[in-house]
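Student: Can you walk me through this one? I'm new to it.

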Amino acid sequence: MTIEMVCEAGFAPALDAVESGRIPGAALGVVSVDGSSAVRFAGNAALVPERETLTREHWFDLASLSKVIATTVMILKLAEQGRLNLD
């Protein structure tokens, strides 16, 4: 399965949500271990004060995600080492 196929499959639920009007826009970027990448986006980056179509040039604030991602990795490593019991 190519990185493009993985990205397409991963983006399908978000694309459906955009197309059905449940969410205004969505973007997904996937990077493989060898450095190849694929990007998908659809919908709008903004609705007010005026509609703005989402493009590859839009930036997203990932600060809130970084805490969760870093903490999860650290907790799982401690559990794997037997230094933390998840129960």
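Tutor: Start with a term: a residue is buried under 20% relative accessible area, exposed over 50%, and partly exposed in between (1.4 Å probe, protein chains only). This is a predicted model, where local features need pLDDT of at least 70, side-chain atom pairs count only at pLDDT 80 or more, and totals for chains, interfaces and linings use all residues. Residues are numbered from 1 along each chain as its sequence is written, and side-chain values use heavy atoms, with hydrogens and water left out.

Student: Okay. Is Arg40 buried or exposed?

Tutor: Arg40 counts as buried, because its relative accessibility is 18%. Arg40 sits in strand 2. Strands (E, at least two residues) and helices (H or I, at least four) are DSSP runs, numbered from the N terminus.

Student: Which residue does Glu4 meet in a salt bridge?

Tutor: Glu4 meets Arg40, at 2.7 Å from N to O. Glu4 is in helix 1 (residues 3-19) and Arg40 in strand 2, so this pair ties together parts 36 residues apart in sequence. A salt bridge needs a side-chain nitrogen of Lys or Arg within 4 Å of a carboxyl oxygen of Asp or Glu.

Student: And how far apart are the closest N and O atoms of Glu8 and Arg40?

Tutor: They are 2.6 Å apart, and that is a salt bridge too. Glu8 lies in helix 1, 32 residues from Arg40 in strand 2. Glu8 is partly exposed, at 41% relative accessibility.

Student: How many salt bridges does the count come to?

Tutor: Three. Another pair is Asp16 and Arg22, with the closest N and O atoms 3.3 Å apart. Shared partners join Glu4, Glu8 and Arg40 into one network.

Student: New topic. Which way do strand 1 and strand 2 run?

Tutor: Antiparallel: seven bridges join strand 1 (residues 25-31) to strand 2 (residues 37-46). Strands pair if DSSP finds at least two bridges between them. Gly29 stands opposite Val39 in strand 2.

Student: Where is Leu65?

Tutor: In helix 2 (residues 63-80). Helix 2 has 18 residues and reaches 26 Å from its first C-alpha to its last, close to the 26 Å expected at 1.5 Å a residue. The expected span is 1.5 Å times one less than the number of residues.

Student: What comes just after helix 2?

Tutor: Gly82, with a positive phi of about 80°.
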